[in-house]
Amino acid sequence: MIQAILVFNNHGKPRLVRFYQRFVKEIQQQIVRETFHLVLKRDDNICNFLEGGSLIGGSDYKLIYRHYATLYFVFCVDSSESELGILDLIQVFVETLDKCFENVCELDLIFHMDKVHYILQEVVMGGMVLETNMNEIVAQIEAQNRLEKSEGGLSAAPARAVSAVKNINLPEIPRNINIGDLNIKVPNLSQFV
Amino acid sequence: MLGYDISWAAFNIIEVMSASKFTFKRIGYLAASQSFHEGTDVIMLTTNQIRKDLSSPSQYDTGVALTGLSCFVTPDLARDLANDIMTLMSHTKPYIRKKAVLIMYKVFLKYPESLRPAFPRLKEKLEDPDPGVQSAAVNVICELARRNPKNYLSLAPLFFKLMTSSTNNWVLIKIIKLFGALTPLEPRLGKKLIEPLTNLIHSTSAMSLLYECVNTVIAVLISLSSGMPNHSASIQLCVQKLRILIEDSDQNLKYLGLLAMSKILKTHPKSVQSHKDLILQCLDDKDESIRLRALDLLYGMVSKKNLMEIVKKLMTHVDKAEGTTYRDELLTKIIDICSQSNYQYITNFEWYISILVELTRLEGTRHGHLIAAQMLDVAIRVKAIRKFAVSQMSALLDSAHLLASSTQRNGICEVLYAAAWICGEFSEHLQ
């Protein structure tokens with residue numbers, strides 16, 4: 001099973017973070033930082049398998065990574081996955097990104113984070129490999145894109161929703177939301193423009 | 001992703017998930033998959049929404065719901081939705097079947113009682129006409145079997161058939177890994193596997209598959225290791241193939257080859273010994289992980305004749321080694337190799353003492369106590385060299401000011417303790 005998929009750039013900024021196991025957000029950030037430091041030390045012509053990274057689990061886990069230009073793609077897997085197979089999968093994922101974005105670069109991952117997630121969702125689901133054939137994956141993504149286009153895309157969002165977000169004034173949000181026997185306490189957030 | 005908490009928006013996310021348009025629904029489920037977890041209060045509000053989406057006429061709505069659910073399924077959600085997902089396993093579209101089969105694993109993890117009713121259907125999916133669904137079913141059963149191998153031994157014949165008939169590399173790799181996990185429990189299974197695995201090894205061109213086959217053959221042979229001579233051919237074949245892997249210029253293959261060799265080493269050390277030259281070559285590699293693996297292998301390859309030569313080579317590495325972890329690793333290994341099986345391979349203890357003294361000159365090591373323990377051990381047990389040992393120790397103590405002046409509080413102080421003890425205990429040899 002794949003436990004996490006991380007993509008970050010040469011300075012350690014995360015570009016895609018997907019955990020298939022629950023971690024608190026501070027631990028998540030710590031894992032990303034630690035993985036970055038481990039992977040940064042590696043030269044380009046040594047092997048792509050790393051054991052270690054104490055945070056993300058016990059001794060069964062290893063990190064399999066690939067370095068493309070400015071990005072590191074890291075998959076944290078356990079011993080039920082074949083190492084060379086996962087290396088292959090990273091390649092398939094990157095090639096799919098390339099096909100869907102046409103000469104993909106880091107900016108695409110920054111500005112179209114949601115699309116990258118949708119592509120990843122067709123490759124790996126719930127920590128297990130869903131599809132390894134690039135053509136299949138691309139076909140599914142294109143079908144969903146067509147569906148989205150036919151619905152008018154995001155620009156057709158209800159005007160109310162857009163103006164609601166624009167006019168959001170946080171201090172006016174109720175402190176407590178009580179629905180039936182649900183009791184949600186709304187945290188105190190600072191003003192944001 | 002950047003570390004900002006969005007749990008306050010949980011309810012809004014649910015509202016977006018219930019949008020009728022696919023575009024918005026997709027966004028809602030994505031946000032949910034990134035932020036919902038078992039502690040989210042409002043997660044039970046999603047049950048009905050997900051149920052509606054699972055029975056939606058549009059396959060992409062269902063797909064998006066399944067994908068999102070796989071990331072935040074809780075025991076309650078699993079219990080409520082298990083039946084719906086089970087019906088989806090027989091959906092007309094293979095896209096949905098694939099996803100439904102894969103999510104069943106997560107559902108089983110959270111709500112184990114759902115395994116029993118769903119299992120017959122899961123078994124059916126192993127013979128599904130669509131290769132994607134078949135591979136998803138293999139994936140799920142392999143994961144389940146790894147957790148609990150005994151219950152799945154009965155499926156072995158079915159997997160055997162799949163292994164011999166399938167051409168999809170991923171499926172084959174999973175099945176072969178599964179057999180590797182099952183063979184310790186059922187030696188007869190291992191015997192039957194040797195032949196098809198050997199055939200696969202000869203016929204495949206995919207390195208990943210080759211590696212997994214070799215690994216499983218090794219596992220089989222370890223479980224059968226009651227010394228059956230006719231398996232030496234298989235061992236030879238494995239070692240030969242591993243040698244090809246290690247000689248490859250691709251670092252990854254080298255690493256994996258060395259990893260597998262060390263497994264063979266534990267039960268069949270003789271077969272590995274003929275490749276000593278290759279392993280020694282790997283010690284010179286630029287890649288630290290490969291050097292560490294080669295070190296592990298060396299442990300089993302020493303003999304009385306080559307011990308000194310190997311240790312000499314390791315000492316040159318110790319001098320060259322940059323980082324202290326690698327150096328420490330080398331040090332521990334040198335000591336391990338020399339002291340294994342009660343110093344079986346050492347012919348000249350005086351030489352060993354001089355090696356230990358040389359090791360004390362290393363800066364910043366954490367293993368001073370190891371060197372100290374070795375010195376004490378040898379001095380006490382080998383009467384003949386006590387005189388030599390004492391002379392070396394007193395020389396060491398004389399140069400103690402050199403050792404003590406190093407700024408790091410490292411384990412070298414322990415060596416001084418050992419040196420002083422030896423000189424004191426065997427003071428009759430002091431000049």
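Which side chains meet in a salt bridge with an N to O distance of 2.8 Å? In this predicted model, the pair consists of A:Glu148 and B:Arg26. The count of salt bridges between chain A and chain B is 4. The contact draws 59 residues from chain A and 54 residues from chain B. Together the two chains bury about 5400 Å², of which 62% lies on carbon and sulfur atoms. Of the area that chain A buries against chain B, 13% is supplied by A:Leu84, A:Met125 and A:Met128, more than by any other three residues.

Within chain A, strand E1 (residues 2–9) is mostly covered, with 8 of its 8 residues buried. E1(A) is paired with two strands of chain A. With strand E5 (residues 71–77), the pairing is antiparallel and extends over 7 bridges; here A:Asn9 has A:Leu71 of E5(A) as its bridge partner. With strand E2 (residues 14–19), E1(A) also runs antiparallel, and 5 bridges join the two. In this pairing, A:Ala4 stands opposite A:Phe19 of E2(A). E1(A) and E2(A) form a hairpin with 4 residues between them, and A:Gly12 in the turn adopts a positive phi of about 90 degrees.

In chain B, helix H22 (residues 386–398) comprises 13 residues, which at 1.5 Å a residue should span 18 Å; the end C-alpha atoms are 18 Å apart, in agreement with this expectation. The buried residues of H22(B) include B:Arg386, B:Ala389, B:Val390, B:Met393 and B:Leu396. Because these residues cover an arc of only 120 degrees around the axis, they are placed on the same side of H22(B).

Definitions and conventions
Residues numbered from 1 in each chain as written. Chains lettered and ligands numbered in written order. Predicted model: local features only at pLDDT ≥ 70, side-chain atom pairs only at ≥ 80, totals over all residues. Heavy atoms only, no water. Expected span 1.5 Å × (residues − 1). Buried < 20%, exposed > 50% of the residue type's maximum accessible area, 1.4 Å probe, protein only. Arc of directions from axis to C-beta. Pairing = 2+ DSSP bridges. Contact = heavy atoms within 4.5 Å. Buried area = accessible area lost by both parts, 1.4 Å probe.
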